[in-house]
Amino acid sequence: AEDLDSWLIGPLSILFKLNHGYLRQNQQLRAALEREAAILAARKCTPLDGAELLRILSNMENAEDKVSKDELDKELHTRIAKIADNPMIFSVLTAADQLTENTISGIRDYVMKKNQSTEDVDDQHRCLVEAIINNDEKLAEKYMSEHMDMIEKCMDEMQKSNSVNKRSGTVIGGE
């Protein structure tokens, strides 16, 4: 089970590339698994788990640089998946994250470029953590769904923006 995530990366990568939907399909898979992980984490969260989630959340909210925020964002989602205590969900999420490791960073950059702050994302994380700590499965699912929907919406906007810029000869984000 420890190497399952490494073993899954190759087949998942091939599957996404063959279906020409790499980022979108990866995000849809990730969203479904993140929702289930949030439900299971809310069901299984102990006081010690809750304290760890609050520590990560506090560090993320107080981080002043983008790199630290991105790493803590990833750490928060990883911790939720670990609390869920389902090795299959954890391994597939880990593999999906490794396939698109720059997605979280790109989303934060996009939100900031739209002259918005990351407060919306931080609020979503805060509500999600509170729901998990309070063992509220329905709210945990709701907040994770909202978070994943926001990420997908931003990905769509970024993709449309990149398509328009490519047609006009301008390349954004190194693509």
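1. A salt bridge here is a side-chain nitrogen of Lys or Arg within 4 Å of a carboxyl oxygen of Asp or Glu, and the structure holds 9 of them. This is a predicted model, in which local features need pLDDT of at least 70 and side-chain atom pairs count only at pLDDT 80 or more, while totals for chains, interfaces and linings use all residues. Residues are numbered from 1 along each chain as its sequence is written, and side-chain values use heavy atoms, with hydrogens and water left out.

2. Have a look at Arg30 and Glu34, whose side chains meet in a salt bridge (3.3 Å, N to O). Arg30 counts as buried (under 20% relative accessible area; exposed is over 50%, partly exposed in between; 1.4 Å probe, protein chains only) at 4% relative accessibility. Glu34 is buried too, at 1%.

3. Glu137 and Arg43 also form a salt bridge, their closest N and O atoms being 3.0 Å apart. This pair links distant parts of the chain, 94 residues apart. Both ends are partly exposed: Glu137 at 29% relative accessibility and Arg43 at 47%.

4. One more to enjoy: Glu52, Arg55 and Glu75 are linked in a network of salt bridges.

Key
Helix = DSSP H or I, 4+ residues; strand = E, 2+ residues; numbered from the N terminus.
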